[in-house]
Amino acid sequence: MEDMTPLLGLPFTELEQLYLSSSPIRLNNLLGPLLQKCRHTLRILHIEKNIFSGDDLVTGLQELFPPNSTSVLEMVNAAETNISQSSVENILRHCQKLHYINLSSCRALPRGMKREYKNKEIAKLKSFCGIK
């Protein structure tokens, strides 16, 4: 397993784009600490083609949403991951600027939800999840 912990030492608190597609990050339980460092500025998150173990993805994504705050996140590509419906709902609730989310081929999501959503389609996804 490749050691990814040196990433945590990098000074990237102003990071706007994070691409972790097909990354060993899923094996190191470091998604949460990485997202916590850049959650105030992160606009684009790509985590596609990663299957995280246990609750690592849920816990990691929760780091994006500290209590009583909103996220500046605009785009999320979670295609081919094991993202849960509750994590998608958290993203929809906390990311007012979200205009793109890719949920294609996500194992843990119900049929009909596994696709790309752009711009006005985000409102349809919110409705599907029961979010106003």
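Does Asn77 count as buried or exposed, and what is the relative accessibility behind that label? In this predicted model, Asn77 counts as buried because its relative accessibility is 10%, which falls under the 20% limit used for that class. Asn77 lies in strand S3, and, leaving aside residues up to four places away in sequence, Asn77 touches Leu45, His46, Ile47, Glu48 and Asn102.

**The chain as a whole**

The chain holds 5 helices and 5 strands, and, when read along the sequence, these elements follow the pattern β-α-α-β-α-β-α-β-β-α. The radius of gyration is 14 Å, which agrees with the value near 14 Å that a compact globule of 132 residues would have. Taken along the principal axes, the box filled by the C-alpha atoms is roughly 40 × 30 × 20 Å. Of the contacts between residues at least 6 apart in sequence, 69% join residues that are at least 24 apart.

Buried residues account for 45% of the 132 residues, while the accessible surface of the chain comes to about 7000 Å², with 49% of that surface belonging to carbon and sulfur atoms.

In soluble globular proteins, nonpolar side chains tend to be buried together. Here the largest nonpolar core has 36 residues, and the members that touch the most other members are Leu45, Ile83, Ile91, Ile101, Leu103 and Leu125. At least two residues of this core come from each of helix H2 (31-38), helix H3 (56-62), helix H4 (85-94) and helix H5 (121-128), and H2 gives the most, with 4 residues.

**Helix H4 and its surroundings**

The buried residues of H4 are Ser87, Val88, Glu89, Ile91 and Leu92, and these buried residues pack against H3, strand S3 (75-77), strand S4 (100-102) and H5. Ser86 also has its place in helix H4, but Ser86 counts as partly exposed because its relative accessibility is 42%. The C-alpha atoms of Ser86 and Leu109 are separated by 9.5 Å, although the two residues are 23 residues apart along the chain.

Most residues other than glycine have a negative phi, and most peptide bonds are trans. Against that background, Ser22 has a positive phi near 45°, and Glu80, which is not a glycine either, has a positive phi of about 60°. Ser22 is found in the loop between strand S1 (17-19) and helix H1 (25-28), whereas Glu80 is found in the loop between S3 and H4.

The table sets out the accessibility of individual residues discussed above.

| Residue | Relative accessibility | Class |
|---|---|---|
| Ser22 | 45% | partly exposed |
| Asn77 | 10% | buried |
| Glu80 | 38% | partly exposed |
| Ser86 | 42% | partly exposed |

Notes. Residues numbered from 1 in each chain as written. Predicted model: local features only at pLDDT ≥ 70, side-chain atom pairs only at ≥ 80, totals over all residues. Heavy atoms only, no water. Rg over C-alpha atoms; globule rule 2.2 N^0.38 Å. Buried < 20%, exposed > 50% of the residue type's maximum accessible area, 1.4 Å probe, protein only. Contact = heavy atoms within 4.5 Å. Areas by Shrake-Rupley, 256 points an atom, 1.4 Å probe, with all protein chains shown as cover. Core = buried A, V, L, I, M, F, W, Y, C linked by side-chain atoms within 4.5 Å.
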